[in-house]
Amino acid sequence: MAVIAELKNVSFQFDQDSPKVLNNLSLTLETGSFNILVGPGGSGKSTLCHMFNGRIPHLFNGVLDGEILIEGTSTADVEMKDISCSVGSVFQDPESMFATLSVEDEIAFGPENLLFSREEILESVESLLTLTGINAYRHNLVWNLSGGQIQKLGLAAVLAMKPRLIILDEPTANLDPLATKQVHELILKLKNEGITILLVTRELDDFMASADNILVLEKGSLIASGEPYSLLMKHGLQMEQLGIWLPETVEIGLALIKAGYSLDRIPITVDETLAILNKLELCPEGRTLKGPEKVYSQHGSPLIQAENVRFSYGGGIYAIKGISLDIYPGEMLAIVGRNGAGKSTMARLLIGLNKCKEGTLELFGKNSRHWKVPNLSNHISLVFQNPEHQFLTDSVAQEIEYSLQAQGVYDKDTLEKERNRILTMLNLEQEKDSHPFALSAGNKRRLGVATMLVGDPQVLIVDEPTYGQDKEMTGTLMKLMKEIQSRGIAVVMISHDMRLVEEYADRVVVFSEGQKHFDGIPTELFNKADILERASLQPTLLFQLLKRLEEKKVNCTGHVPGSDAFLQLLLNKGMAS
């Protein structure tokens with residue numbers, strides 16, 4: 001089969017004294033193939049993407065050894081503008097690639113510079129607005145879009161230039177589950193049209209089974225590659241140990257192997273998992289899998305009370321349309337919903353960046369209109385969806401020190417001790433002298449969390465807390481959130497990650513089109529198909545598996561928060577009967 005891109009013994013370091021980010025890497029991408037690149041945080045995934053689109057060596061200085069070939073030509077011998085005709089890239093932060101003011105203009109910008117005909121440009125703009133679901137926002141300014149809408153616009157702008165190889169670096173990280181599924185369908189459509197795809201993602205549930213090739217990166221080296229099923233049999237346990245996010249179905253298959261069962265192959269889909277459980281006779285008809293009942297009750301008076309709150313950015317279009325919501329001390333509350341549902345707008349109302357002019361918003365016993373933002377910030381903190389929007393200094397260490405000083409910590413020894421403790425806790429020691437804007441998306445998220453945790457807020461809001469994090473760091477962050485919660489602080493996470501909601505949330509609130517449609521525990525939500533559909537949400541693979549087992553007369557009761565809990569019940573290590 002023809003090869004569209006190839007790396008030959010490529011090594012790279014950003015300067016002579018720094019460690020190698022990529023180390024003697026060789027790989028090929030076949031024309032028309034769908035490739036998924038995975039690896040733990042800091043393994044070099046984004047740097048590898050920069051190899052294919054020419055940012056290395058043309059934009060990033062550093063020490064590059066080896067050869068990078070696109071359609072047989074070395075990228076070192078071709079200008080970036082010419083590489084862009086063959087390779088399109090959607091960055092982790094699509095905002096950084098925008099060149100115009102409006103959505104419509106941004107999609108047309110690339111084709112205009114490549115001298116496409118007027119008719120071709122107009123047709124492309126119309127089809128991509130529809131394809132990515134942002135037709136209603138065609139005249140919006142790009143900075144007035146939600147995080148998910150920005151991701152969709154970035155994808156549309158790249159597709160408009162009709163590249164033959166598309167690099168997608170976490171393109172679904174800020175998308176709701178339905179939009180993620182639409183991206184999956186789009187990728188398969190592009191593949192069928194002969195376009196080569198390289199996808200960097202941690203969300204493998206919708207993608208893994210349909211990939212041609214999985215590439216596993218660790219510490220800048222390619223440690224494994226191959227077709228998904230054979231790769232999982234050979235390297236699945238190693239991938240799990242590296243902290244790579246795997247579908248819950250895959251986790252179940254690997255756990256069965258560790259428990260001594262013999263499997264012909266690791267399951268990826270729910271149907272495959274059911275077939276294996278039946279073959280092993282682990283779920284005979286009439287069996288009961290009984291998890292603990294999840295009961296949630298609020299304690300104390302609400303810290304925040306929103307009643308019939310409405311909010312508009314102007315033009316008569318409301319982002320919030322009469323939402324009522326209470327937040328209680330010491331709860332883990334998840335706010336979920338489709339892109340543009342009003343989740344981030346509500347967060348901005350709660351911290352005073354947006355002013356509540358319609359409805360009633362009581363914050364810590366006082367009407368929100370009587371709060372000044374600096375005073376309110378002592379009680380409530382927000383980690384932005386784009387953490388760089390809140391960075392103020394020139395290094396990671398200084399950023400944390402600034403937050404400590406804002407809380408009144410000036411003693412040099414105390415400042416240094418606390419700074420180092422936080423750096424170690426979030427695995428940022430190696431980045432302490434780096435500029436915050438030079439960090440990877442995952443490290444920016446960690447730094448954003450670190451700066452907001454410095455104080456002692458009564459409410460901590462985290463917008464997409466696990467964006468860009470591998471499984472190990474997600475566990476670290478969520479353990480930290482649980483510790484904060486145990487101190488009576490309310491933790492509010494705005495997330496599209498249903499696994500996170502399933503495992504950690506006490507209560508989940510669903511927003512859709514500026515309104516609240518559900519307020520209850522996660523298990524109840526996953527049983528309400530109408531609300532899930534309205535809010536563009538999907539139950540987790542595990543929940544889908546449990547429902548299928550119920551159809552086969554296997555009684556599943558109580559709360560089963562994740563594949564580990566399911567395996568405990570399945571293998572009679574929990575409350576199974």
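**Entry 1: a lysine and its partner**

I began with Lys 471, which counts as partly exposed at 29% relative accessibility. For reference, buried means under 20% relative accessible area, exposed means over 50%, and partly exposed lies in between, with a 1.4 Å probe and protein chains only. Before going on I noted that this is a predicted model, where local features need pLDDT of at least 70, side-chain atom pairs count only at pLDDT 80 or more, and totals for chains, interfaces and linings use all residues. Residues are numbered from 1 along each chain as its sequence is written, and side-chain values use heavy atoms, with hydrogens and water left out.

Which side chain does Lys 471 meet in a salt bridge? I found Glu 251, with 2.6 Å from N to O. The rule I used for a salt bridge is a side-chain nitrogen of Lys or Arg within 4 Å of a carboxyl oxygen of Asp or Glu. This pair links distant parts of the chain, since Glu 251 is in helix α9 and Lys 471 in helix α16 (residues 471-486), 220 residues apart. Helices here are DSSP runs of H or I with at least four residues, strands are runs of E with at least two, and both are numbered from the N terminus. Glu 251 counts as buried, at 5% relative accessibility.

**Entry 2: other salt bridges**

I looked up the total and got 24 salt bridges by this rule. One of them joins Arg 138 to Glu 104, with the closest N and O atoms 2.5 Å apart. Arg 138 sits in the loop between α5 (118-131) and α6 (147-159) while Glu 104 is in helix α4 (residues 103-113), so this pair ties together parts 34 residues apart in sequence. Arg 138 is buried at 16% relative accessible area, and Glu 104 is partly exposed at 22%.

I then checked Glu 550 and Lys 547, whose side chains meet in a salt bridge at 3.3 Å, N to O. The two are 3 residues apart in helix α20 (residues 541-551), so about one helical turn separates them. Glu 550 is partly exposed at 32% relative accessibility, and Lys 547 is partly exposed at 32%. I also noted a network: salt bridges that share partners join Glu 248, Glu 251, Lys 471 and Arg 499.

**Entry 3: helix α8 against helix α9**

At what angle do the axes of α8 and α9 cross? For helix α8 (residues 228-241) and helix α9 (residues 248-258) I read roughly 95 degrees, and the axes come within 10 Å. That makes α8 roughly perpendicular to α9. The axes are lines fitted to C-alpha atoms, for helices over the stretch in contact, and angles run from 0 to 180 degrees between N-to-C directions. Under 35 degrees counts as roughly parallel, over 145 as roughly antiparallel, 65 to 115 as roughly perpendicular, and the rest as oblique.

On the α8 side I listed Leu 232, Gly 236, Leu 237 and Glu 240, which meet Val 250, Glu 251, Leu 254 and Lys 258 in α9; contact means heavy atoms within 4.5 Å.

**Entry 4: the six-stranded sheet**

Next I followed an open sheet of 6 strands with mixed pairing, in the order β17-β18-β19-β14-β20-β21. Its edge strands are β17 and β21 (515-520), each pairing on one side only. Two strands pair if DSSP finds at least two bridges between them.

Strand β17 (residues 380-383) has both faces covered: Ile 380 and Leu 382 on one side, and Ser 381 and Val 383 on the other, are all buried. I found 4 bridges joining β17 to strand β18 (residues 459-463), and the two run parallel. Ile 380 has Val 459 in β18 as its bridge partner. Strand β18 is joined in turn to strand β19 (residues 490-494) by 5 bridges, again parallel, and Ile 461 has Val 492 in β19 as its bridge partner.

**Entry 5: backbone angles**

Most residues other than glycine have a negative phi, and most peptide bonds are trans. With that in mind, I looked for exceptions.

- Ile 56 and Pro 57 are joined by a cis peptide bond, with omega about 20 degrees; Pro 57 is in helix α2 (residues 55-58).
- Lys 219 is not a glycine, yet has a positive phi of about 50 degrees. I placed Lys 219 in the loop between β9 (213-218) and β10 (221-226), and it is exposed at 67% relative accessibility.
- Lys 553 has a positive phi near 65 degrees. Lys 553 is in the loop between α20 and β22 (555-557), and counts as exposed at 55% relative accessibility.
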